[in-house]
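Dear colleague,

Here is the structure for you to look over. My notes on what turned up follow below it.

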Amino acid sequence: MARQYAMISADSHLEIAPERWTGRVPEKWRDRAPRLVKLPSGGDGVVVENRPLYVLGLAITGRPYQEHQLYGLQYEGNFGAGSPEHRLEEQDRDGVDAEVLFTSAGNGGFWRGIKNDEAYAAVVHAYNEFLADEYCAPDRERLLAMGIIPNTSIDVSVAELGYCARAGLKGVALNGFPSGKSFPTPEDDRFWAASLELNMPLTVHVSFVQQDGPVFRYVRVPTEEVAFGADPVANLTRFGGGIARNAIQLVMAGVFDRFPTLRVYWAETQIGWLPHFLPQTDDNYERMRYWAEREFDLKYLPRQVSSYLRDNCVWGFLKDSFGVRARYEIGVGSVMWGSDFPHSAGDWPHSRELISEMFAGVPDGERSQMIAGNAVEFFHLDQAAPAGNGAAAGRAASQVS
């Protein structure tokens with residue numbers, strides 16, 4: 001049944017104690033799954049091989065800033081860590097109609113401490129099963145959990161993407177390039193093509209996990225000593241930092257030329273930096289494109305770099321009043337708000353007050369588009385027609401870019 005969405009958090013998190021889902025891991029690999037430990041502070045932590053301890057601290061909000069803690073918190077009884085039914089009550093308390101849910105410990109490479117590829121993929125699949133079969137089941141139109149893609153190989157990535165689509169998840173989150181390399185490869189095209197065929201939204205929480213290795217596979221590299229800063233793709237990101245790098249890698253690899261309808265959502269990047277970065281990266285590209293083609297055989301792009309970042313990328317923001325004011329420089333249809341609940345960067349249960357303050361003076365249609373309509377469109381949600389101004393009206397508003 002269609003739902004009327006007026007306010008969607010396109011960036012929220014699941015803080016789930018491991019024992020709630022690790023029983024789904026095949027017994028062969030269960031001893032390598034994440035496990036809960038009790039710390040001397042009385043708080044909870046999670047351990048995985050080859051990774052520092054994950055401590056439940058600033059991952060929990062709902063308290064005044066002066067009461068935020070770095071340790072001593074527990075999953076049981078805390079905000080955002082309970083049952084899905086309780087999560088729906090927390091959404092109601094905040095005035096949120098749905099949340100796009102990223103797995104805190106699963107995204108960001110924490111579970112990738114499991115070095116055995118088969119064991120790691122089994123752990124991820126078990127968690128995706130938990131999301132699809134159990135956590136999202138009470139209301140699949142409000143609990144929009146992102147499945148995790150274990151980027152150990154292109155075959156595994158494509159298979160897990162297919163499972164998530166068949167299981168009814170609303171999208172998947174990437175931790176890296178689907179082939180598992182530190183740079184985009186031709187093999188990745190199988191994954192991009194499959195995502196479009198399955199109509200499966202692709203998301204990244206901030207950026208890919210940093211890997212050792214080159215940022216790009218160039219056809220040719222200079223044999224002579226070259227100047228500092230001569231890596232073309234790295235050069236293009238120098239005013240956007242790590243946030244922009246992965247998107248630029250996709251642009252320069254021609255992914256969006258081969259798949260022009262492909263869009264990727266980069267959550268929790270903030271957006272105020274984009275009005276500065278977009279013209280800067282275009283200028284950088286014009287200055288370097290001649291030597292990049294001559295020395296690296298990097299073919300000239302048919303469009304400006306910034307046009308790909310506007311048309312093929314969607315950017316997530318939390319509290320970013322400047323970014324909202326500069327929305328025309330980015331594109332009203334290219335941004336989505338998120339509450340970050342239950343993390344300490346959010347303002348739960350006062351998101352309505354935050355939205356009122358941050359969007360003061362913004363036309364109703366644009367506001368609706370940025371806080372609901374864009375998410376409805378990107379995640380293919382079934383939106384009911386509103387009685388008056390609402391998210392559907394915002395979605396229908398003309399984009400300004």
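N199 sits in the loop that runs between α4 (189-197) and β9 (202-205). Its phi is near 60°, a positive value in a residue that is not glycine. H380 also has a positive phi, about 55°, without being a glycine. H380 is in the loop between α13 (364-378) and α14 (391-396), and with a relative accessible area of 39% H380 is partly exposed. As background, most residues other than glycine have a negative phi, and most peptide bonds are trans.

On the peptide bonds, two cis cases came up. One joins F341 and P342, with omega about 5°. The other runs from W348 to P349, with omega near 5°. P342 belongs to the loop between β12 (335-337) and α12 (351-358), and P349 is placed in the loop between β12 and α12.

D297 is in the loop between α8 (274-296) and α9 (305-311). Which residues does D297 touch, leaving aside its neighbours within four places in sequence? They are V219, R220 and A292. Y218 is 79 residues away from D297 along the chain, yet their C-alpha atoms are separated by 7.3 Å.

Now the chain as a whole. The protein chain has 14 helices and 12 strands. A compact globule of 401 residues would have a radius of gyration near 21 Å, and the chain has 21 Å, so the two agree. The C-alpha trace spans about 60 × 55 × 45 Å along its principal axes. Of the 401 residues, 57% count as buried. Among contacts between residues at least 6 apart in sequence, 74% join residues at least 24 apart. The accessible surface is about 16700 Å², and carbon and sulfur atoms account for 50% of that. There are 38 positive and 52 negative charges, and their mean positions are 2 Å apart.

Last, confidence. The mean pLDDT is 90, and 91% of the residues reach 70 or more. Over residues 388-401, pLDDT stays under 50, and the model has 30 contacts beyond four places in sequence for this stretch. Where pLDDT is low, the predicted coordinates should not be read in detail.

Regards

Key
Residues are numbered from 1 along each chain as its sequence is written. This is a predicted model: local features need pLDDT of at least 70, side-chain atom pairs count only at pLDDT 80 or more; totals for chains, interfaces and linings use all residues. Side-chain values use heavy atoms; hydrogens and water are left out. Helices (H or I, at least four residues) and strands (E, at least two) are DSSP runs, numbered from the N terminus. The radius of gyration is taken over C-alpha atoms; the globule rule is 2.2 Å times the number of residues to the power 0.38. Buried means under 20% relative accessible area, exposed over 50%, partly exposed in between (1.4 Å probe, protein chains only). Contact means heavy atoms within 4.5 Å. Accessible areas come from the Shrake-Rupley method with a 1.4 Å probe; for residues, only the protein chains shown count as cover. Lys and Arg count as positive and Asp and Glu as negative; His and the chain ends are not counted. The place of a charge is taken as NZ of Lys, CZ of Arg, CG of Asp or CD of Glu. pLDDT is the predictor's confidence in each residue, from 0 to 100.
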